[in-house]
Amino acid sequence: MKKVIITGATGMIGLNLINYLLNKDIEITAIVRPNSKRNNILPNNTNLKIVECDLADIQNANIPKDNYDVLFHLAWVGTTGESRNNVDMQFKNIEYTLNTIKLAEKVGARKIVGAGSQAEYGRVEGKLSPNTKTNPETAYGTAKLCAGYMGKILAEQLGIDFIWTRILSIYGEYDNTGTMVMSSIISMINGQVPKYTKAEQIWDYLYVEDVSKAMYLIGEKAKHGQVYCIGSGTVKPLYEYINIIKNEINSELKIKFGDIPYAKNQVMHLCADILDLTKDTGFNPEISFEEGIRRTIKWYKENIQNEKN
């Protein structure tokens, strides 16, 4: 892999994937939303070219035709909160995905790797594999599933390889402040005690650098039509993850579990089956939750907390 395009370049996965690929001396064209406040955190590197283009106009992005090995499509509108059930917004994401594939054909990209979600499955007991029955319960999950299916059909029509990933829970640098991991880190660093459910969910967390590694290997080795779940393949009860975060920040904090009721349709079990991913690409997670949390806390203190102070 020598030359790639990335949409959603200022998101959590996008920023970390850019750093991962730059370390491998890969040329990157990053497509970003015009005037986004996050554009200024992109690294300054001669191998990184930044192209401003709104997702609604992605098909017309100003990118010269070239021999791009992979287009990583990470961009998506409405990933959190009530927007996940905004039907009109999520429907547009399907169109944006198809238009991104048309852009790939226009500029000469040979392969597309798309970012789907565990939300495509709904609530499932047991490990999630590419063959697990899908039953999404949100507009977000439904749109991701549809984008993956329709994207494959369009890519075949245009002669482009298409691989779809279903990403489970991830954490690390540039994480959204509203996630369990990052909100816990912020609260605990500030001496507050965050409120939790009973936190009995059995959960799979993967550090974002391992996600970047998985994406890179998929871009390098995966064949057309494959679907891969991206996760650690191992689980802990959610309260164990929370206690790991607490012990890294302040072991004396008194955490209270059960103050918040479980959400309606709460997913209680989440674990990726990564056997196919490992077999096809050689991917294996390298960074433990304990190590990933240490790195995330260090990053937050050095880059976010210091800025606020």
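Q: How do I read the packing of helix α1 against helix α5 here?

A: Start with the general idea: two packed helices are described by the angle between their axes and the distance between the axes. In this predicted model, the axes of α1 (residues 12-22) and α5 (residues 208-221) cross at roughly 70° and come within 9 Å. Angles of 65 to 115 degrees count as roughly perpendicular, so that is how α1 and α5 sit relative to each other.

Q: And which hand does the crossing of α1 and α5 have, left or right?

A: That crossing is right-handed. On the α1 side, the contact is made by Met12, Ile13, Asn16, Leu17, Tyr20 and Leu21. From α5 come Val208, Glu209, Val211, Ser212, Lys213, Met215 and Tyr216.

Q: Now the second largest pocket: how much space lies in it, and what lines it?

A: For a pocket, look at the volume and then at the lining. The second largest pocket holds about 200 Å³ of space. Its lining includes Asn16, Asn19 and Tyr20, along with Glu209 and Ser212. Also in the lining are Asn23, Lys24, Glu173, Tyr174, Tyr207 and Arg295.

Q: Which helix gives the most to that lining?

A: α1 does, with three residues. Both α1 and α5 supply at least two residues each.

Q: How do the lining residues of the second largest pocket divide by class?

A: Four are charged, four are polar and three are nonpolar.

How values were computed: Residues numbered from 1 in each chain as written. Predicted model: local features only at pLDDT ≥ 70, side-chain atom pairs only at ≥ 80, totals over all residues. Heavy atoms only, no water. Axes fitted to C-alpha atoms, helices over the stretch in contact; angles between N-to-C directions. Helix = DSSP H or I, 4+ residues; strand = E, 2+ residues; numbered from the N terminus. Parallel < 35°, antiparallel > 145°, perpendicular 65-115°, else oblique. Left-handed = near helix turned anticlockwise from the far one by under 90°. Contact = heavy atoms within 4.5 Å. 1 Å grid on protein atoms, 1.4 Å probe; cavity = no way out; pocket = protein on both sides within 12 Å on 5 of 7 lines; lining within 4 Å. Points joined across faces, edges and corners; volume = space filled by probe spheres on them. Nonpolar A, V, L, I, M, F, W, Y, C, P; charged D, E, K, R; others polar.
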